[in-house]
Amino acid sequence: MARILTPTMDFRGSHIISVKQFSRDDVETVFDVAGSMEPYAQRLKLTRALEGAILGNMFFEPSTRTRLSFGCAFNLLGGDVRETTDVKTTSISKGESLYDTARVISGYSDVIVMRHPQIGSVAEFAKASRVPVINGGDGANEHPSQALLDLYTIKKELQSNDKLIDGMNIAMVGDLRHGRTVHSLSQLLVLYNRITFKLISPKELRMPEDIVSLLKNAGHTVIETEDMESGLNDNDTVYLTRIQEERFTTKLEANVYRGRFRLNKEIYTMNCQPNTVIMHPLPRDSREEANELDHDLNQHPNLAIFRQTDNGVLVRMALFALILDVVDTVDKTAKKVGWYTQSRFESS
Ligand code: NCD
């Protein structure tokens, strides 16, 4: 099974609320276990390691890939999933407190994933929960599992270009003020060495000052700019984000920024290195007036967005296996699949 480093964190029974909980060894532990999940995610083998366990997948904000990939990850480990998909269909809309909801749902579940629009809500929920809680995104604050899957993807993509995370240049583009994925990814990258961050955004949507200071104090180079062309120059990775219109007071206010920074084939070819990896947490806003990552790059070999989503399943399986302490049971309960599986992972 996976080579397990000596993590500083005891994953067993832990809440995962923020990337600040992780040391570099902890991150590597997650990555090692994630790598060992590949045959299960690719349907080459089946495991019943989490047979009988129930995931409470509590989503109080829109989600497609985070909710489904957490659910699939749990199913792939042999567990069952119960879920809510929005606030309107839960008793939170009748005025129930997060405390009561947490007490109740943690009686039904063995682990909970929660997404909620309020900053700090998942931490508050976790305090009342009787089982481990994973933050699936709390407002504009954090999205730790996304940061882990993003970094896992960066590591793999750079490895195939003979490069390392240490010493890399990364451009982050778009709504850096409200984007929880870039908040968590930056804070995870603090753990690595000599990274150059090019933060490309309108000045009103700059990366929060405390995160910029954290990066600088850790010895990284931070260049903040509103100029897309110069910012795109000389990067190993470019990470685009959507204008988070749901975080603005009005849609009109968000519209001011939509479509300001776009990457398409022409801009990429003119400004990026031939092997610059293109990433986006998704969803990309494909409406014409926004279109921050153009479909004309869909066939580009450096477009890693769908490898990111595939990797999300592996990383989420790893988190469940570590938290519920079944890393060693996965292989022991493994069987060959008995049904036809298509090798859809070869060309992604
Ligand atoms: C992101 C999120 O919800 O923060 N999506 C995701 O989980 N992959 C990014 C976004 O919504 O723009």
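1. Helices and strands in this note are DSSP runs, at least four residues (H or I) for a helix and at least two (E) for a strand, and they are numbered from the N terminus. The model is a predicted one.

2. Arg194 lies in the loop that runs between α7 and β7 (196–200). Its backbone deserves a look: phi at Arg194 is positive, about 50°, although the residue is not a glycine.

3. Where is the ligand? The ligand sits in the largest pocket. Two elements give two or more residues each to the shell around the ligand, namely α3 (65–76) and α7 (180–189).

4. Domain 1 (19–143 + 309–334) gives residues to this shell, and domain 2 (144–306) does too, so the ligand lies between the two domains.

5. The residues around the ligand include Arg65, Thr66, Arg115 and His143. Also among them are Gln146, Arg180, Thr181, Arg242 and Gln244. By class, the shell holds three nonpolar, five polar and four charged residues.

6. Some polar atom pairs between protein and ligand can be checked directly in the viewer. From the side chain of Arg115, a polar atom lies 3.0 Å from an oxygen atom of the ligand. The side chain of Gln244 places a polar atom 2.8 Å from a ligand oxygen atom. At Pro281 the backbone is involved: a polar backbone atom there is 3.0 Å from a nitrogen atom of the ligand. On its own the ligand has 320 Å² of accessible area, and the protein covers 94% of it.

7. The peptide bond joining Leu282 and Pro283 is cis, with omega about 5°. Pro283 is in the loop between β10 (277–279) and α12 (305–323).

Conventions: Residues are numbered from 1 along each chain as its sequence is written. This is a predicted model: local features need pLDDT of at least 70, side-chain atom pairs count only at pLDDT 80 or more; totals for chains, interfaces and linings use all residues. Side-chain values use heavy atoms; hydrogens and water are left out. A residue is near a molecule or strand if one of its heavy atoms lies within 4 Å of it. A polar contact is a pair of N or O atoms within 3.5 Å; within protein, one must be able to donate a hydrogen and the other to accept it, and residues adjacent in sequence count only if both atoms are side-chain atoms. Accessible areas come from the Shrake-Rupley method with a 1.4 Å probe; for residues, only the protein chains shown count as cover. On a 1 Å grid over the protein atoms alone, a cavity is a set of points where a 1.4 Å probe fits but cannot get out, and a pocket is an open set with protein on both sides within 12 Å along at least five of seven lines; lining residues have an atom within 4 Å of a point. A molecule sits in a cavity or pocket if more than half of its atoms lie within 2 Å of its grid points. Ala, Val, Leu, Ile, Met, Phe, Trp, Tyr, Cys and Pro count as nonpolar, Asp, Glu, Lys and Arg as charged, and the others, Gly among them, as polar. Domain bounds come from an automatic or database domain assignment.
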